[in-house]
Amino acid sequence: MCPRRLKSRRFVDSVAVRVAAGAGGDGCASSRREKFVPRGGPDGGDGGRGGHVFAEADRNVDSLVALYFQPQQRAGDGEHGRGKQQYGRNGRDLTIKVPCGTEIRDLESETLIGTLLEDGARLQIAAGGRGGLGNCHWKTSTHQAPREHTSGASGEARQLRFDLKIIADIGLIGFPNAGKSTLIGKISHAHPRIAAYPFTTLNPVIGTVKYEEGYRELRVVDIPGLIPGAHAGAGLGTDFLRHVERARALLLVLDMAGTEGRPPADDYRNLLEELRLYRADLLQRPRLVAANKMDLPEAAANLAEFQSATGIQPLPISARAATGLAELKQAMQALIWPRSAD
């Protein structure tokens, strides 16, 4: 397989990057020397400014993989000044495209420099060096042939960390093999990896749920499955929970058939506990509960027991059989846009 294709498939949500702005060009020490101009005087031009480094959010970028493979980023240097008061050209600015939802921090101090949330948002992360001054700035009535000039300043160099927190309307939460990947594949355009073993989802998967009414869309993110003790590093840990921090609502997907041998009520409580241990305010988000795998024979009895134990009325669905999905999509729409569902 082509290496470039392998590179594009890799998902990276955190990367350390060294950025360096361009150095300013030196000022010029020059005297005008032309025929019939015996006293031309100083005419050295200024050096150009070094290029700045910017980070810009782009909706078409969904990973930090480009920075992972190119962790050294540098803007262009300014040109030196020249005679005849010719100023050097400014260095070329560098714009680093990042996904919406990227946080940028100083790697040493952990200080937050800024967060890029919306498409087109732009942040200067390193300033270019100032250009040097030419000798024409030192000319006075008593100092008519100055040779003084200044060198260009160095550009700003910084060690930064880029962290991606995906922006989505709804985050899917569930245990491995709960059917989240199948579900997001059925209700959106996403094509996640699906297999009959745990942890088939190793990276967040983003899908867009489309609605005919008003041409609205919902952005949904599916993160790797959680297990008890994930907050302490069990399974894949809670590293990927950062991608639901900005979700407006949560959808808990439960294996109502109990195919892994666990009562669905216990799964529900354990998921809430892992969310609380990671970040307690996630429990305050609006949420839905989907009872998946209702096409299996054990699911009906388990659903009754779940309702009795928790008092929750989940939405019965089968992602594999594609039943109950229309009702689920409407409930998701009502959760995000309550008025449109009335």
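Residues are numbered from 1 along each chain as its sequence is written. In this predicted model, local features need pLDDT of at least 70 and side-chain atom pairs count only at pLDDT 80 or more, while totals for chains, interfaces and linings use all residues; side-chain values use heavy atoms, with hydrogens and water left out.

The protein chain holds seven helices and 14 strands. Both are DSSP runs numbered from the N terminus: helices are H or I with at least four residues, strands are E with at least two. Of the 342 residues, 45% are buried. Buried means under 20% relative accessible area, exposed over 50%, and partly exposed in between, with a 1.4 Å probe and protein chains only. The accessible surface comes to about 17,600 Å². Carbon and sulfur atoms account for 48% of that surface. Areas come from the Shrake-Rupley method with a 1.4 Å probe; for residues, only the protein chains shown count as cover. Among contacts (heavy atoms within 4.5 Å) between residues at least 6 apart in sequence, 72% join residues at least 24 apart.

Strand β8 (residues 157-164) pairs with two partners described here. Two strands pair if DSSP finds at least two bridges between them. Strand β1 (residues 14-20) runs antiparallel to β8, and seven bridges join them. Arg18 stands opposite Gln159 of β8. Strand β5 (residues 102-106) is also antiparallel to β8, over five bridges. There, Thr102 has Leu164 as its bridge partner.

Strands β9 (residues 170-174) and β12 (residues 249-255) run parallel, joined by five bridges. Gly174 is partnered by Val253 in β12.

In soluble globular proteins, nonpolar side chains tend to be buried together. A nonpolar core is a set of buried Ala, Val, Leu, Ile, Met, Phe, Trp, Tyr and Cys residues joined through side-chain atoms within 4.5 Å. The largest core has 52 residues, and Val53, Ile125, Phe162, Ile173 and Val244 touch the most other members. Helix α4 (residues 264-278) gives the most to this core, with five residues. Apart from this core lies another, of 24 residues, including Tyr211, Val220, Val253 and Leu328. Beyond its neighbours within four places in sequence, Ile125 contacts residues including Val19, Phe54, Ile104 and Leu160.

The whole structure has 25 salt bridges. A salt bridge is a side-chain nitrogen of Lys or Arg within 4 Å of a carboxyl oxygen of Asp or Glu. Arg161 and Asp163 form one at 2.8 Å, N to O. Both residues are buried. Glu217 and Lys210 meet at 2.5 Å, N to O. Glu217 is partly exposed at 43%, and Lys210 is exposed at 52% relative accessibility. Arg285 and Asp281 meet at 3.8 Å, N to O. Arg285 is buried at 17%, whereas Asp281 is partly exposed at 32%. Salt bridges that share partners join Glu103, Arg105, Lys165, Glu245, Arg246, Arg279, Asp281 and Arg285 into one network.
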